[in-house]
Amino acid sequence: MLLDENNMAVQSDEYYHEAAPHKLVALATPTQPEARTFGIPAVIWGSMAASYAMFFFGLILGTGHDGRALFMIAISMLYAIMYFGTAFVLNGLAASDRTKQKSQWTNSKFDTYTGRMSFGAVYGQMLVVPIVFALFGLGIAIIRFAVM
């Protein structure tokens with residue numbers, strides 16, 4: 001049976017009942033405080049930026065003779081500048097509060113959700129893709145100069 005405006009159950013007060021009150025319970029969950037430094041040392045940011053610079057340099061050397069390729073490389077460079085620029089700006093926000101933040105580097109290990117990692121492990125995991133991109137860009141330049 002459908003409940004609509006023609007149904008007697010809807011129009012009568014016989015079936016009216018008040019909903020049970022909801023109890024709001026605040027659950028205390030452990031949270032990590034905000035860290036605007038991203039917990040990444042400057043040497044890793046510098047190595048990542050240098051890897052992408054080498055990648056674009058290799059692309060420019062390898063395909064710089066074509067105007068259309070240069071246009072696409074310029075667009076890609078703008079995206080990379082946006083990526084690093086956003087991180088730079090966010091890192092600069094509330095720099096005075098940085099002394100109050102707990103460092104994620106303790107006993108020369110980086111504290112992560114899955115455990116502590118050494119500097120070499122963090123460096124390798126974060127930079128394997130940018131370094132391969134740099135080698136790819138330089139490989140394109142080497143191939144072009146070997147063929148031409």
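Two residues are taken to be in contact when heavy atoms of theirs lie within 4.5 Å. With that in hand, the contacts of this predicted model can be sorted by how far apart the partners sit along the chain. Among contacts between residues at least 6 apart in sequence, 66% join residues at least 24 apart. The protein has 148 residues, and buried ones make up 17% of them. Four helices and three strands are present, and reading along the sequence gives the pattern α-α-α-β-β-β-α.

Helix α2 takes in residues 42-63. It has 22 residues and reaches 31 Å from the first C-alpha to the last, close to the 32 Å expected at 1.5 Å a residue. The buried residues of α2 are I44, S47, M48, S51, F55, F56, G58, L59 and G62. What lies over them? The cover includes α3 and α4. As background, an α-helix has 3.6 residues a turn, so residues three or four places apart point the same way. Two packed helices, for their part, are described by the angle between their axes and the distance between the axes.

Take α3 to begin with. This helix covers residues 67-92, and its 26 residues should span 38 Å at 1.5 Å a residue; the end C-alpha atoms are 37 Å apart, which agrees. The axes of α2 and α3 come within 10 Å and cross at roughly 175°. Angles over 145 degrees count as roughly antiparallel, and α2 and α3 are therefore roughly antiparallel to each other. On the α2 side, the contact is made by W45, M48, A49, Y52, F56, L59, I60 and T63. On the α3 side, A69, L70, I73, S76, M77, A80, Y83, F84 and A87 take part. By class, this contact of α2 with α3 has 15 nonpolar residues, two polar ones and no charged ones. Within α3, the buried residues are A69, I73, A80, F84 and A87, and what covers them includes α2.

Which residues does F56 touch, leaving aside neighbours within four places in sequence? The partners are I73, S76, M77 and A80. F56 and I73 are 17 residues apart along the chain, and their C-alpha atoms are separated by 7.1 Å.

Now for α4, which takes in residues 119-147. The axes of α2 and α4 come within 7 Å and cross at roughly 15°. That angle makes α2 roughly parallel to α4, since angles under 35 degrees count as such. In passing α4, α2 makes a left-handed crossing. The residues of this contact divide into 22 nonpolar, six polar and one charged.

S47 sits in α2 and counts as buried because its relative accessibility is 18%. Not counting residues up to four places away in sequence, S47 touches Y123 and L127. S51 is in helix α2 too, and with a relative accessible area of 8%, S51 is buried. Under the same exclusion of residues up to four places away, S51 touches P130, I131 and A134.

A50 is also found in helix α2. Is A50 buried or partly exposed? With a relative accessible area of 38%, A50 is partly exposed. A50 and P130 are 80 residues apart along the chain, yet their C-alpha atoms are separated by 8.9 Å.

Y123 and M48 are 75 residues apart in sequence, and 9.8 Å separates them in space, C-alpha to C-alpha.

Notes
Residues numbered from 1 in each chain as written. Predicted model: local features only at pLDDT ≥ 70, side-chain atom pairs only at ≥ 80, totals over all residues. Heavy atoms only, no water. Helix = DSSP H or I, 4+ residues; strand = E, 2+ residues; numbered from the N terminus. Buried < 20%, exposed > 50% of the residue type's maximum accessible area, 1.4 Å probe, protein only. Expected span 1.5 Å × (residues − 1). Axes fitted to C-alpha atoms, helices over the stretch in contact; angles between N-to-C directions. Parallel < 35°, antiparallel > 145°, perpendicular 65-115°, else oblique. Left-handed = near helix turned anticlockwise from the far one by under 90°. Nonpolar A, V, L, I, M, F, W, Y, C, P; charged D, E, K, R; others polar.
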